[in-house]
Amino acid sequence: VNLQSGGGAASASRAPLGSTGSREPLRPATPPRREGAARATPAVPAASEHWSGDVRVSRDVYVSMEKDFTHLVKKVAIESLEDEGRKINHANVMANVGQAAAPGGISHFVIEHLLQPTTWQPDPDPNRFLLHAAEVGQLCEQVLEIFKSQDMVLKLRAPIKVYGDIHGQYLDLMRLFARYKAPTDGDNGDIDSMDYLFLGDFVDRGSFSLETVCLLFALKVKYPGQIHLIRGNHEDATINAIYGFRDECKRRLKEDTDEPDSCWNKFNRAFEYLPLGAVVEDRILCLHGGIGGSIDNIKQIDEMERPVHVAQIPQTPHEQRITDILWSDPSDNDSVLGVTTNLTRDPDGTGRIVKFGPDRLKDFLAANKPLSMVIRAHECVMDGFERFADGKLITVFSATDYCGHHKNAGALLFIRRDLTVVPKLIYPVERNVNSWDQSMLQQRPPTPPRPVPRARRLGEEENGDW
């Protein structure tokens, strides 16, 4: 596994899904909700309906329309082609062709109106959201069935893009999609040839946690075999109850989050079934935090039973392993060996949140061959990505200017088919909208990044490049 240097939506005014009447034209801001309108309840698809593993021909065919001088690409149904199926018996002409995607539905609506990399703008009213609470709940129920069907450690293929913490920074997610292509089969999309892996911490601290997690859930429903989500430490009710997500659900979905069937509780039930890790081509282990002092092999992760509950103070070896996966960090540099207390994340000194040194990592890789690298998130790093242990571990962080204080870049890691890891970066930009929750910053200051380079400390980053 090699590291290569380099880097380089509008919502719609509408009636709730299932109500009569047409949707109004697309506009940049989410409309006010219409209380009491009818809501559809689509059936939750069975896990076997998402991806059976069979080899099939797509029902969709993409045709270049160069003859009309527009250079557009049009999607047509395979059965609309006159000669393509002439050798197959007429009664069986659709044999081995994938089923057409069901029209409409919550996931399709969310993707259509939130996956707008170059045009999405937040609603002028910060207390509104695109979906009604009942629809959000249905989306959570759909994606939960998919999570239940998956292994605790996913087995993934390259090429794949790996994203770190987003923390409700939806504008940064759209910027990454706009600059480095998006998970869609439309213009500027690459889902036909690319998998996507998100390493957790979708929510909290940022102002657009609902947009972020609902889009990722909708993409998972539409592309269950290509969009992959694993759990971060903020996908935990105890944490996201105090770092902003619960308040956002209460405010924007107009719900009582103490109700057992509130959207906030449904989100957290889905989070408890998220995978905890992924292995790319048997060579790269991806997880949110790290291996801490208790994770010695992948089997320990894969054999964990769902739902996974996170203990605030681990009392058993099992609870400690969950804490290490979600909370541990690499040591401060390659000269700090062993397993040490993580005073930044564990100010009370319980000794349960730790840092692990390069020796610990190299021993882990040697014991889990053919693994040769770990990719993790969880930690704000100034360049968006950061190497550790002679390049055997990479941290990736996708939200820029963390909490409006650190001026850090955001990044994704593109793992090529030959397993070369290519970092792709974006830098902070000036914004008219405040995308970090300011009240949360005052109550709970963010975990600081690694020491800031001297040039940035002295303000030598001209014209806001950082």
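This is a predicted model: local features need pLDDT of at least 70, side-chain atom pairs count only at pLDDT 80 or more; totals for chains, interfaces and linings use all residues.
## Packing of α4 and α7

Two packed helices are described by the angle between their axes and the distance between the axes. For helix α4 (residues 209-222) and helix α7 (residues 263-271), the angle is about 50° and the axes are 13 Å apart. That angle makes α4 oblique to α7, since angles of 65 to 115 degrees are needed for roughly perpendicular and angles under 35 degrees for roughly parallel. The crossing of the two helices, α4 and α7, is left-handed.

On the α4 side, the contact is made by Leu210, Val213, Cys214 and Phe217. On the α7 side, Phe267, Ala270 and Phe271 take part. By residue class, the contact of α4 with α7 has seven nonpolar residues, no polar and no charged.

The whole structure holds 14 aromatic pairs. One of them joins phenylalanine 217 and phenylalanine 267, with 5.9 Å centre to centre and 45° between the planes, a tilted arrangement. Phenylalanine 217 lies in helix α4 and phenylalanine 267 in helix α7, so this pair ties together parts that are 50 residues apart in sequence. Phenylalanine 217 and phenylalanine 267 are both buried.

Phenylalanine 217 also pairs with phenylalanine 271: the ring centres are 6.2 Å apart and the planes lie at 70°, so the pair is edge-to-face, the cut-off for that class being over 60 degrees. This pair links distant parts of the chain, with phenylalanine 217 in helix α4 and phenylalanine 271 in helix α7, 54 residues apart. Both of these residues, phenylalanine 217 and phenylalanine 271, are buried.

Phe217, Phe267 and Phe271 are among the members of one aromatic cluster, which also includes Phe147 and Phe245.

## Cis peptide bonds

The peptide bond from arginine 306 to proline 307 is cis, and its omega is near -10°. Proline 307 sits in the loop between α8 (298-302) and α9 (317-327).

A cis peptide bond also runs from lysine 369 to proline 370, with omega near 10°. The loop that holds proline 370 lies between α10 (358-367) and β15 (373-376).

Arginine 205, a residue other than glycine, has a positive phi near 70°. Arginine 205 is in the loop between β8 (195-198) and α4. Its relative accessibility is 4%, so arginine 205 counts as buried, the limit being under 20%.

Aspartate 282 is not a glycine either, and its phi is positive at about 65°. The loop between β10 (277-280) and β11 (284-287) contains aspartate 282.

Definitions and conventions. Residues are numbered from 1 along each chain as its sequence is written. Side-chain values use heavy atoms; hydrogens and water are left out. Axes are lines fitted to C-alpha atoms, for helices over the stretch in contact, and angles run from 0 to 180 degrees between N-to-C directions. Helices (H or I, at least four residues) and strands (E, at least two) are DSSP runs, numbered from the N terminus. Angles under 35 degrees count as roughly parallel, over 145 as roughly antiparallel, 65 to 115 as roughly perpendicular and the rest as oblique. A crossing is left-handed if the near helix is turned anticlockwise from the far one by less than a right angle, and right-handed if clockwise. Contact means heavy atoms within 4.5 Å. Ala, Val, Leu, Ile, Met, Phe, Trp, Tyr, Cys and Pro count as nonpolar, Asp, Glu, Lys and Arg as charged, and the others, Gly among them, as polar. Rings of Phe, Tyr and Trp (its six-membered ring) pair if their centres lie within 6.5 Å; planes under 30 degrees apart count as stacked, over 60 as edge-to-face and the rest as tilted. Buried means under 20% relative accessible area, exposed over 50%, partly exposed in between (1.4 Å probe, protein chains only).
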